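Please read it alongside the sequence and the structure shown here.

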Amino acid sequence: MFVFAFSDRRLECTFTHDSYILIFLYSKKGVQRYKKNRNYANFSVSLTEKLQKKVNLFVLFFYFRIFAPKYKTPLNRCEPMITITKIFHYEMAHALHRYDGACANIHGHSYRLEVTVTGPVITDAMNPKCGMIIDFGDLKQIVQNTVLNQFDHALVLNSAMVVETHGRAFLQNQFGNIIFVDYQPTNENLLVDFAQRIQSALPTDITLVCLRMYETNASFAEWTPNP
Ligand SMILES: [Zn+2]
């Protein structure tokens with residue numbers, strides 16, 4: 001039989017003679033060879049000598065495609081996950097279409113947006129970003145370009161509201177930076193929009209893990225990716 005021993009990041013396997021035969025019999029060629037060589041003893045001897053390398057490759061494939069993914073999550077739990085967070089402040093006005101409270105009127109908030117990302121810490125000593133997940137300055141630039149440049153000091157309105165009032169041109173002429181969105185511009189919906197914008201601009205090895213946005217000192221919404 002064969003034995004798999006899992007350590008943190010490497011595989012140790014021990015095989016006996018029978019395990020090669022057992023594994024080889026699962027392959028198509030193995031079955032054909034076995035049928036030709038009904039004499040089990042002869043078959044096993046020739047098999048060990050000629051096909052050892054092929055069987056080793058098969059076992060490695062078996063491990064990495066079937067065994068390793070199953071054990072990936074518990075193994076990763078042993079490794080710490082480091083996140084970094086950058087905090088932004090911006091001003092924005094909005095009005096909630098057909099809302100049954102005071103926020104149906106155009107009004108403003110001083111928003112606090114917390115952007116949290118994770119990724120591998122760079123270990124290459126020659127890389128100027130060694131020891132970082134991503135340079136805070138780069139993260140700031142990404143959020144600035146994808147979100148703040150458009151939404152800071154803007155009036156955000158549900159496009160459904162403007163269709164009813166036919167006031168889009170009027171508002172733009174009067175106030176300038178008006179953003180019409182196809183959703184109710186609540187804290188929750190804005191976070192979904194912002195998450196998509198930021199994610200699309202992050203480097204491929206950096207993952208957005210949390211967005212938290214305070215609408216007031218006492219009220220915030222949080223976005224996290226679906227598991
Ligand atoms: Zn509001």
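In strand 8, the bridge partner of Thr216 is Ser219, helices (H or I, at least four residues) and strands (E, at least two) being DSSP runs numbered from the N terminus. The model is predicted, so local features need a pLDDT of at least 70 and side-chain atom pairs count only at pLDDT 80 or more, whereas totals for chains, interfaces and linings use all residues. Residues are numbered from 1 along each chain as its sequence is written.

The pLDDT, which is the predictor's confidence in each residue on a scale from 0 to 100, averages 79 over the protein, and 63% of the residues score at least 70. Over residues 1–25 the pLDDT stays under 50, and for this stretch the model has 39 contacts beyond four places in sequence; two residues are in contact if their C-beta atoms, placed from the backbone, lie within 7 Å.

| Strands | Sense | Bridges |
|---|---|---|
| Strand 4 (residues 107–118) and strand 7 (residues 207–216) | antiparallel | seven bridges |
| Strand 7 and strand 8 (residues 219–223) | antiparallel | five bridges |

Within strand 7, Leu208 is the bridge partner of Val117, and a hairpin of two residues joins strand 7 to strand 8.

Leaving aside neighbours within four places in sequence, Leu139 is in contact with Lys86, Val115, Val117 and Ile134.

A residue is buried if 20 or more other C-beta atoms, placed from the backbone, lie within 10 Å of its own, exposed if 12 or fewer, and partly exposed in between. Arg98, in the loop between strand 3 (83–95) and strand 4, has a positive phi near 60 degrees although it is not glycine, and it is exposed, with 10 other C-beta atoms within 10 Å. His153, in the loop between helix 5 and strand 5, has a positive phi near 55 degrees, again in a residue other than glycine, and His153 is exposed, with 12 other C-beta atoms within 10 Å.

Key. Pairing = 2+ DSSP bridges.
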